[in-house]
Amino acid sequence: MVSGEVAVACPACGEPAGEGARFCESCGAALGAAQGGPVDASAAAAPAADAAAAAAPQAAQAAPGPVACPACGGEVADDGYCTQCGARAPVERDHREESAAPHVAGVTDVGARRRRNEDAMALGVAGDVSVLVVCDGVSSAPDSDVASQAAATAARDVLVAGAGSVAADDAGAWSRLLVTAGDRADAAAHAAVDDAAARQDPPSCTFAAAVVTPALLVAGWLGDSRVYWLPDAGTPEQLTEDDSVAAELMAGGMSRAAAERSPDAHAITRWLGADAEDTTARTVATHLTGAGWVLACSDGLWNYASAPEVVADLLRDATARVGADPAALSRDLVAWANAAGGHDNVTVALARVPAPVAAGADPDTLAADPGTTPTVRRRPAGSLPEKPGSPTP
């Protein structure tokens with residue numbers, strides 16, 4: 001900011017506005033009143049129109065040529081905003097729903113405050129194996145939305161293609177496949193943007209993936225997108241451990257609530273992208289002995305519900321409202337996150353796990369199963385890389 005310049009905050013969402021701006025770059029609200037100019041009635045309606053547009057399911061991508069503003073009928077400019085009222089025209093990426101099977105579905109949404117949805121998801125089913133992948137583009141790096149979608153799709157394709165060659169109960173083989181999927185996702189993120197490696201701040205993203213067989217759940221990750229196991233009966237678990245400053249603070253003894261409120265909580269220490277030093281996904285496996293839900297999500301959800309028991313209660317409440325359809329549940333959880341503040345993009349992907357039927361299984365053996373078993377040990381506290389400017393998704 002130039003010395004002496006007075007920052008103007010958007011009257012609708014509070015985001016700072018550039019000098020001379022007519023509309024808020026974050027929510028599209030008219031800034032005339034804040035900047036000292038007149039505001040007409042159509043401009044005053046922009047925040048509500050933009051919020052409605054962002055929430056509209058399966059919004060259509062703007063077509064070539066002049067596009068009419070859904071709020072006032074004016075013309076939408078090339079930058080995606082109406083020249084008359086300032087409302088932002090919805091695009092397909094703002095809100096996308098995907099269903100890979102009746103028991104596997106997800107929703108990704110731009111949220112209430114962001115201009116662009118940099119989250120991405122890719123879902124798949126191969127026989128009785130379910131696949132969930134969520135990637136969160138790093139907001140400080142341009143084109144991270146392109147990188148995140150390329151990464152999610154590439155990882156999903158590797159996991160679906162490899163499912164037929166891995167035994168359902170072979171946790172080691174699934175872990176190796178998840179590492180391969182992470183490597184392929186990293187390569188796809190590079191290739192999606194031609195000059196990514198040459199940029200000072202190349203596009204990058206987090207990575208969280210889960211493969212679910214009738215009796216086993218294996219997750220792999222880099223960054224702070226998460227995978228939860230939420231059983232119908234039993235103790236819910238956050239299977240992944242964030243690669244973030246907040247996780248380092250918790251490893252040092254700070255409470256979850258305090259660590260996640262710290263100023264650098266969302267600075268991640270590992271990610272996918274051209275400037276990443278370590279792109280080998282960590283993995284974790286847990287044996288499933290009962291029915292429940294696998295949830296993969298970006299921090300747009302867990303910002304407001306982080307601890308696994310809180311997430312489990314949230315899902316239980318949503319089930320009571322909308323039933324057990326994963327598409328409806330994902331939609332409900334995304335709406336809940338937006339109502340809670342929606343400060344970030346939010347992605348929710350769910351896979352339903354029925355009660356396993358294991359012929360000849362020994363109940364005593366199942367009861368003695370230790371549950372979640374990390375395949376890689378947690379990094380020691382204080383092991384943040386000596387690298388300034390770690391990205392924040």
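Visitor: In which order do the strands of the open sheet of six strands stand, and in what sense do they pair?

Guide: The order is 5-6-17-16-12-13, and the pairing is antiparallel. Strands (E, at least two residues) and helices (H or I, at least four) are DSSP runs numbered from the N terminus, and two strands pair if DSSP finds at least two bridges between them. The edges are formed by strand 5 (95–101) and strand 13 (237–238); each has a single partner strand, so one side of each lacks a neighbour in the sheet.

This is a predicted model, in which local features need pLDDT of at least 70 and side-chain atom pairs count only at pLDDT 80 or more, whereas totals for chains, interfaces and linings use all residues. Residues are numbered from 1 along each chain as its sequence is written, and side-chain values use heavy atoms, with hydrogens and water left out.

Visitor: Which strands does helix 10 lie across?

Guide: Helix 10 lies across strand 5, strand 6 (104–109), strand 16 and strand 17 (346–353), and runs at about 25 degrees to strand 6. Such angles run from 0 to 180 degrees between N-to-C directions, with axes fitted to C-alpha atoms, for helices over the stretch in contact; contact means heavy atoms within 4.5 Å.

Visitor: How many aromatic pairs does a search of the whole structure find?

Guide: The search finds one. Tyrosine 304 and tryptophan 336 have ring centres 6.4 Å apart and planes at 80 degrees, so the pair is edge-to-face. Rings of Phe, Tyr and Trp (its six-membered ring) pair if their centres lie within 6.5 Å; planes under 30 degrees apart count as stacked, over 60 as edge-to-face and the rest as tilted. Tyrosine 304 belongs to the loop between helix 8 (299–302) and helix 9 (308–322), and tryptophan 336 to helix 10 (residues 326–339), so the pair ties together parts 32 residues apart in sequence.

Visitor: Does tyrosine 304 count as buried, partly exposed or exposed, and into which of these classes does tryptophan 336 fall?

Guide: Buried means under 20% relative accessible area, exposed over 50%, and partly exposed in between (1.4 Å probe, protein chains only). Tyrosine 304 is partly exposed at 26%, and tryptophan 336 is partly exposed at 28%. Serine 204, in strand 9 (residues 204–205), is buried at 2%. Its contacts beyond four places in sequence include Asp136, Ser144 and Trp271. Across the protein chain, 50% of the 393 residues count as buried.

Visitor: Where is valine 125 found, and which residues does it touch beyond four places in sequence?

Guide: Valine 125 is in strand 7 (residues 119–126) and is partly exposed at 30% relative accessibility. It touches Ala100, Ala101, His103, Val104 and Val160, leaving aside residues up to four places away in sequence. The C-alpha atoms of valine 125 and valine 160 are 6.7 Å apart, although 35 residues separate the two along the chain.
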